[in-house]
Amino acid sequence: MTKTKEIVEVEKVVHPLQSIVTQLVISNADDFEVAVELGGQVKKASKFITEKKELITKPLNEALKNARAMFKPFEDNIEAVEKELKGKMFAFIRLS
């Protein structure tokens with residue numbers, strides 16, 4: 001699978017943080033302060049990932065919403081047709 005520009009950008013943010021956090025040992029107050037700073041960077045990276053993902057997913061979700069809306073009247077109509085047909089069939093069975 002070919003990596004997209006967005007994936008490469010996200011990897012450049014995530015991989016270094018992942019490496020730093022994996023190697024981090026908190027054994028004193030200074031280390032803890034480093035961890036707090038890293039926490040801020042992780043939160044920032046999380047927002048960055050969400051933004052990159054939504055650049056792709058928002059248009060797709062909008063297209064999906066539009067496609068569903070396009071077919072909704074027909075789905076509603078066929079549901080009403082099916083209900084009417086079943087009603088007529090049950091009426092026939094009751095009268096038979």
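The model is a predicted one. Helix H2 comprises residues 29-95. At its start, a side-chain oxygen of Asn-28 comes to within 3.0 Å of the backbone nitrogen of Asp-30. The buried residues of H2 are Asp-31, Ala-35, Leu-38, Ala-45 and Lys-52, and their cover includes helix H1 (5-23).

The end-to-end distance of H2 deserves attention. A straight helix of 67 residues would span 99 Å at 1.5 Å a residue, whereas the end C-alpha atoms of H2 are only 86 Å apart. Within H2, a kink of about 40° is located at Phe-71, shortly before the proline Pro-73.

Salt bridges come next. The whole structure contains 6 of them, among them one between Lys-72 and Asp-76, whose closest N and O atoms are 2.8 Å apart. Both residues belong to H2 and lie 4 residues apart, about one turn of the helix. An α-helix has 3.6 residues a turn, so residues three or four places apart point the same way. Lys-72 is partly exposed, at 44% relative accessible area, and Asp-76 is partly exposed at 35%.

About one helical turn separates Lys-86 and Glu-82, because they are 4 residues apart in H2. Lys-86 and Glu-82 are each partly exposed, with a relative accessibility of 42%.

Lys-88 and Glu-84 also meet in a salt bridge, at 3.2 Å from N to O, and they too are 4 residues apart in H2. Here Lys-88 counts as exposed at 54%, while Glu-84 is partly exposed at 47%.

Technical notes: Residues are numbered from 1 along each chain as its sequence is written. This is a predicted model: local features need pLDDT of at least 70, side-chain atom pairs count only at pLDDT 80 or more; totals for chains, interfaces and linings use all residues. Side-chain values use heavy atoms; hydrogens and water are left out. Helices (H or I, at least four residues) and strands (E, at least two) are DSSP runs, numbered from the N terminus. The expected span of a helix is 1.5 Å times one less than its number of residues. The bend at a residue is the angle between axes fitted to the seven residues ending there and the seven starting there. Buried means under 20% relative accessible area, exposed over 50%, partly exposed in between (1.4 Å probe, protein chains only). Contact means heavy atoms within 4.5 Å. A polar contact is a pair of N or O atoms within 3.5 Å; within protein, one must be able to donate a hydrogen and the other to accept it, and residues adjacent in sequence count only if both atoms are side-chain atoms. A salt bridge is a side-chain nitrogen of Lys or Arg within 4 Å of a carboxyl oxygen of Asp or Glu.
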